[in-house]
Amino acid sequence: QVQLVESGGGTVQAGGSLRLSCAASGRTFSSYAPHAMGWFRQPPGKEREFVAAMGRSDSSTSYADSVKGRFTISRDNAKNTVILQMISLKPEDTAVYYCAAARVYRIRVNHPEGFDYWGQGTQVTVSS
């Protein structure tokens with residue numbers, strides 16, 4: 001059984017910052033860190049979309065064009081955690097943000113199919 005627990009969501013004014021954190025636990029990841037870990041978001045009335053992802057061994061990162069230069073993903077493999085630092089937030093960043101983890105290596109990490117486990121989601125609201 002795997003659990004992903006997110007924290008750090010909230011409400012902020014446009015131009016502000018937030019830091020999301022996600023910790024993965026469970027037997028699957030008790031002896032090794034997840035392959036890719038990432039973040040997706042689901043704006044109101046829209047489908048879930050990719051935000052950012054980071055690999056385990058080479059620490060390669062991938063970002064959606066809409067967040068490049070404003071969001072930074074990082075991870076601590078020893079603690080099975082992934083962080084999403086968000087700055088210069090915009091009202092269009094308002095969404096439920098989901099943490100995701102992959103049990104095995106997959107090439108496609110910018111799509112939900114690339115991940116096996118999901119957190120419960122945390123709300124981020126950016127007011128104008």
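**Aromatic cluster, sheet and core of the predicted model**

Phe40, Phe50, Phe115 and Trp118 are linked into a cluster by ring pairs. Five aromatic pairs are counted in total. One of these is formed by Phe29 and Tyr117, whose rings adopt an edge-to-face arrangement with 5.7 Å between centres and 85° between planes. Phe29 belongs to the loop between strand 3 and strand 4, whereas Tyr117 is part of strand 10 (residues 117–118), so this pair ties together parts that are 88 residues apart in sequence. The two partners were also examined for accessibility. Phe29 is buried, at 3% relative accessibility, while Tyr117 is partly exposed, with a relative accessible area of 21%.

Arg48 is placed over two aromatic rings. Its charged end sits over the ring of Tyr98, 3.8 Å from the ring centre, and Arg48 also lies over the face of Trp118, at 4.8 Å from the centre of that ring. Trp118 is itself a member of the aromatic cluster. Arg48 is located in the loop between strand 4 and strand 5 and is partly exposed, with 32% relative accessibility. Beyond residues up to four places away in sequence, Arg48 touches Phe40, Arg41, Gln42, Tyr98 and Trp118. Between Arg48 and Gly121, which are 73 residues apart along the chain, the C-alpha separation is 11 Å.

Three bridges join strand 5 to strand 6 (residues 61–63) in an antiparallel manner, and Ala53 stands opposite Ser62 in strand 6. Strand 5 is mostly covered, with five of its six residues buried.

An open sheet is formed by four strands in the order 1-3-8-7, with antiparallel pairing. Strand 1 (2–7) and strand 7 (71–76) each have a single partner strand and stand at the edges, so one side of each is left without a neighbour in the sheet. On average, neighbouring strands of this sheet are turned by 15° against each other, direction ignored. Strand 7 and strand 8 (residues 81–86) run antiparallel and are joined by six bridges; among the paired residues, Phe71 has Met86 of strand 8 as its bridge partner. The loop between strand 7 and strand 8 contains Asn80, which has a positive phi of about 55° although it is not a glycine. Asn80 is buried, at 9% relative accessibility. A positive phi, near 50°, is likewise found for Ser88, another residue other than glycine. Ser88 lies in the loop between strand 8 and strand 9 and, at 37% relative accessibility, is partly exposed.

The largest nonpolar core comprises 36 residues, and those with the most contacts inside it are Trp39, Leu84, Met86 and Tyr97. Two or more residues are contributed to this core by each of strand 1, strand 3 (18–26), strand 4 (37–42), strand 5 (49–54), strand 7, strand 8, strand 9 (95–101) and strand 11 (122–127). For Met86, the contacts outside four places in sequence are with Gly16, Ser17, Leu18, Leu20, Arg70, Phe71, Tyr97 and Val124. The list includes Phe71, the residue for which Met86 is the bridge partner, as well as Tyr97.

Val96 is placed in strand 9. Apart from neighbours within four places in sequence, Val96 contacts Phe40, Arg41, Gln42, Gly121, Thr122 and Gln123. Phe40, Arg41 and Gln42 are also touched by Arg48. Val96 and Tyr63, 33 residues apart in sequence, have a C-alpha to C-alpha separation of 17 Å.

How values were computed
Residues are numbered from 1 along each chain as its sequence is written. This is a predicted model: local features need pLDDT of at least 70, side-chain atom pairs count only at pLDDT 80 or more; totals for chains, interfaces and linings use all residues. Side-chain values use heavy atoms; hydrogens and water are left out. Two strands pair if DSSP finds at least two bridges between them. Axes are lines fitted to C-alpha atoms, for helices over the stretch in contact, and angles run from 0 to 180 degrees between N-to-C directions. A nonpolar core is a set of buried Ala, Val, Leu, Ile, Met, Phe, Trp, Tyr and Cys residues joined through side-chain atoms within 4.5 Å. Buried means under 20% relative accessible area, exposed over 50%, partly exposed in between (1.4 Å probe, protein chains only). Contact means heavy atoms within 4.5 Å. Rings of Phe, Tyr and Trp (its six-membered ring) pair if their centres lie within 6.5 Å; planes under 30 degrees apart count as stacked, over 60 as edge-to-face and the rest as tilted. A charge sits over a ring if NZ of Lys or CZ of Arg is within 6 Å of the ring centre and within 35 degrees of the ring normal.
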